[in-house]
Every structure is written in C-alpha cells, then in structure tokens.
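Subject: Handover of a structure

Dear colleague,

Please find the structure below, followed by an account of what was found in it. I would ask you to keep it open while you read.

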Amino acid sequence: NNLNGYVGLMMGLEHSFRHRNLLEQASYSYQCLFDVHFLKENVPDIESLKGIPLDKFEMLSSPWANTIEDEEYVTNTNDKLEELIEDDPKLAKMVTFLVLFSPLEVTLSPKETAELKKYLSKVTMIIYNHLLSKPEYDNLKALDRLTKLGYIITRLKKSAEIVEMKSISPKGLDFQFDSQDFSSIELCQW
C-alpha cells in the first residue's frame, strides 16, 4: 500500500514549507489536492498568513506518540526530507510522483512491474535533470541526492504508520459512532 508513503510525504512537505505563507505551504505540500484560485477566493488573506509548523497541530504536539523514539523518528524523517527538498517546490512536485510510482511491498505481475518501472525511470530522470540544472550540482551530487530521495520513501511510510497507529488516543473521548448519525448532518452547498 502506497498510501502511507504519500501521507508521510504530505506531512513532511508541510514541515518543509512551514516557513512560507499558508497558501504556498498548502499548495506545495498537497500537490494534487488544492485549487489555488479557490483558496485565494475563499480564505481571506491566505497569502499573508504564516505557514503552520506541524507541532502546532494538536495531534502532533508532544507528547503525541506512545514513545519519544517514535516522535523523534517522525521529526528526524521530516527534517531529512526538508534538507533533501531544499525549499524547491518543483522538486517537491517531482518527489510526489516518485512516491506515487514507488509502491512498497506490493506484488505486481511482470507486465505491471515493467510498466511501473517505465514511469519510475522517467520520473527519476526528470528529477536527476532538474538537480543537475542547478549551478551548485554536479553529477555526483545529483546522484547522491537522488539516492537519498529514494531511501526517504521508506522512512516516510513508517512515519505515517507511526502517526496513524502509535498516537496517544485522547482519554475520556468516545470515538465510536453509528453510521446513522450521519443522516442528521446537514451539508451546505457551495
């Protein structure tokens, strides 16, 4: 399942772009989900609002995990991703596709594997060429960065699993619901 890798990436990108304004943080972190024009029209002053650090979210305010080691793992993974992204929105978008085309622990048919490798090869070359186009990069530095981006995918998946499975549940709250409870909710029209 690649969903955890994608969720981990989105969380890591939110961390990576927290120093930007809220519109940039949202649009660079959630590459495929937000319509920038919609946000500008419906969220007043979104371009002047500061990005939100992950630790400001209640669910990620320490202590939030069962162990300090789990919290540190997530924090270290997000810090490593931030270093690899280097505040580059284009690279963030490319890495999103790298994660999407890098399923972990999935059994595919030979035909599916060949097709996936074709797309993965293209994305990898696009990232390599993008890195190499930067003045401070040579071949070795671009290859090293690309290798590190490949390795971080496994860490991102584990980070998402920690947030999902090893978070401390709030005490005294009942999260159980009856599916019929939704019938009483009124939805507004946009």
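At 32% relative accessibility, Phe57 counts as partly exposed, where buried means under 20% relative accessible area, exposed over 50%, and partly exposed in between (1.4 Å probe, protein chains only). Phe57 is found in the loop between H3 and H4. Together with Ile52 and Met59, Phe57 forms a nonpolar patch on the surface, and the three have about 260 Å² of accessible area together. Patches are made of residues with over 30% relative accessible area and no salt bridge; like charges are joined within 9 Å and nonpolar side chains (Val, Leu, Ile, Met, Phe, Trp, Tyr) within 5 Å. A salt bridge is a side-chain nitrogen of Lys or Arg within 4 Å of a carboxyl oxygen of Asp or Glu.

**How the model is to be read**

This is a predicted model, in which local features need pLDDT of at least 70 and side-chain atom pairs count only at pLDDT 80 or more, while totals for chains, interfaces and linings use all residues. Residues are numbered from 1 along each chain as its sequence is written, and side-chain values use heavy atoms, with hydrogens and water left out.

**The chain as a whole**

The secondary structure of the protein chain comes to seven helices and zero strands. Helices (H or I, at least four residues) and strands (E, at least two) are DSSP runs, numbered from the N terminus. Of the 190 residues in the protein chain, 36% are buried. The protein chain exposes about 12,400 Å², of which carbon and sulfur atoms supply 57%; accessible areas come from the Shrake-Rupley method with a 1.4 Å probe, and for residues only the protein chains shown count as cover. Among contacts (heavy atoms within 4.5 Å) with a separation of 6 or more, 73% are between residues 24 or more positions apart.

**The nonpolar cores**

A nonpolar core is a set of buried Ala, Val, Leu, Ile, Met, Phe, Trp, Tyr and Cys residues joined through side-chain atoms within 4.5 Å. Which members of the largest nonpolar core touch the most other members? Of its 25 residues, they are Leu9, Leu13, Ile85 and Ile127. Helix H1 (3–16), H4, helix H5 (89–100), helix H6 (110–132) and helix H7 (139–165) each supply at least two residues of this core. Apart from it lies another core, of nine residues, including Leu54, Trp64, Tyr73 and Ile162. Leaving aside neighbours within four places in sequence, Ile85 is in contact with Leu13, Phe17, Leu91, Ala92 and Val95.

**The aromatic pairs**

The structure holds two aromatic pairs. Rings of Phe, Tyr and Trp (its six-membered ring) pair if their centres lie within 6.5 Å; planes under 30 degrees apart count as stacked, over 60 as edge-to-face and the rest as tilted. Phe17 and Tyr28 form an edge-to-face pair, at 5.2 Å centre to centre and 65° between the planes. Phe17 lies in the loop between H1 and helix H2 (22–29) and Tyr28 in helix H2, so this pair ties together parts that are eleven residues apart in sequence. Phe17 counts as buried because its relative accessibility is 0%.

Phe101 and Tyr119 form a stacked pair, at 5.5 Å centre to centre and 15° between the planes. Because Phe101 lies in the loop between H5 and H6 and Tyr119 in helix H6, the pair ties together parts that are 18 residues apart in sequence. Tyr119 is partly exposed, with a relative accessible area of 35%.

Yours sincerely
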